[in-house]
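Please look over the sequence and the coordinates shown here before reading the report that follows.

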Amino acid sequence: MFRLVIVCALIVAVLGASVKNLTRPRLDGRIVGGIAVDISEVPYQVSLQRYNSHSCGGSIISSNYILTAAHCTDQAIVSSLSVRAGSSFYSRGGVVVGVKRVIQHPLFNYNTIDYDFAILELKSPLKFSKNCNFAKLPKQDEQIPDGTMLMVSGWGNTQNAQESRDQLRAAKVPKYNDKACNDAYKGFGGITDRMICAGVLKGGKDACQGDSGGPLTWDGVVVGVVSWGYGCAKPRYPGVYSRVSAVRDWIKESVDV
């Protein structure tokens, strides 16, 4: 099963190796401090499935296209992929549609997780309703002020036996200062201009990470794609997301949305 999203990587460095050769830690796919939500509150959220098992999250950007993370689809067999849309549960309800084509960002780097974007073309268009609709996209290079409250959602593990991951969960996190985030992850090579961070300095219940590939949104606009980070809700280690505004032109050139 393709489970890159739940790996909490151990970093093994050879003595004398440079920082740029260190592997970035993958997300463990947990949402901490979030609440269960109905799909009607985040109708753009989908479950990306591999061989009919939940693998990653994704965002509807048109009736035919889903935005997700490139590391979720890298080297995947296209015929094994499908998405479940319009349901609060990754295992039932809504509609399941097969994936026709995967468009990976040509500059995606698996080691640095830079340009972590992929677009899925569906075999048949989705029918929009209150439970299934598209997220808006930001303008190219649009900036978000530090402290802006953003929302992340997904079906990741919760670190709490009383909180089921079967139903969609969401949490709100503030946009983290880019320099502070870069400093926090300096030991892992820092962040690039294609990345945006969100989380709380002290960590805990207000900080969260959703399933890789899932949406980070601001007032219905998908501004980030869940990408990587160290652990989950750890103090001084915010979640790192792929910055959608950095590739807005590429998305339009690829699928004209």
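## Strand β5 and its partners

In this predicted model, strand β5 is joined to strand β6 (residues 95–104) by four bridges, with the two strands paired in the antiparallel sense. Within this pairing, valine 83 has valine 97 of β6 as its bridge partner. Strand β2 (residues 45–50) also runs antiparallel to β5, and five bridges join the two; here serine 47 has arginine 84 of β5 as its bridge partner.

Strand β5 itself spans residues 81–85 and is mostly covered, since five of its five residues are buried. In a regular strand, side chains alternate between the two faces of the sheet. In β5, Leu81, Val83 and Ala85 point one way while Ser82 and Arg84 point the other way, and all of these residues are buried.

## The closed barrel

The pairings of β5 belong to a closed barrel of six strands, which runs in the order β2-β3-β4-β7-β6-β5 with antiparallel pairing. From one strand to the next, the twist averages 45 degrees.

Along this order, β2 pairs with strand β3 (residues 53–60) in the antiparallel sense, over six bridges.

When residues up to four places away in sequence are not counted, glutamine 49 touches His54, Ser55, Ser80, Leu81, Ser82, Arg84 and Tyr90; among them, Leu81, Ser82 and Arg84 are buried residues of β5.

## Confidence of the model

The protein chain has an average pLDDT of 85, and 81% of the residues score at least 70. Over residues 158–163 the pLDDT is below 50, and this stretch has nine contacts in the model beyond near neighbours in sequence.

Residues 1–21 likewise have a pLDDT that stays under 50, although the model has 41 contacts for them beyond four places in sequence. Where pLDDT is low, predicted coordinates should not be read in detail.

Methods:
Residues numbered from 1 in each chain as written. Predicted model: local features only at pLDDT ≥ 70, side-chain atom pairs only at ≥ 80, totals over all residues. Heavy atoms only, no water. Buried < 20%, exposed > 50% of the residue type's maximum accessible area, 1.4 Å probe, protein only. Pairing = 2+ DSSP bridges. Axes fitted to C-alpha atoms, helices over the stretch in contact; angles between N-to-C directions. Contact = heavy atoms within 4.5 Å. pLDDT = per-residue confidence, 0-100.
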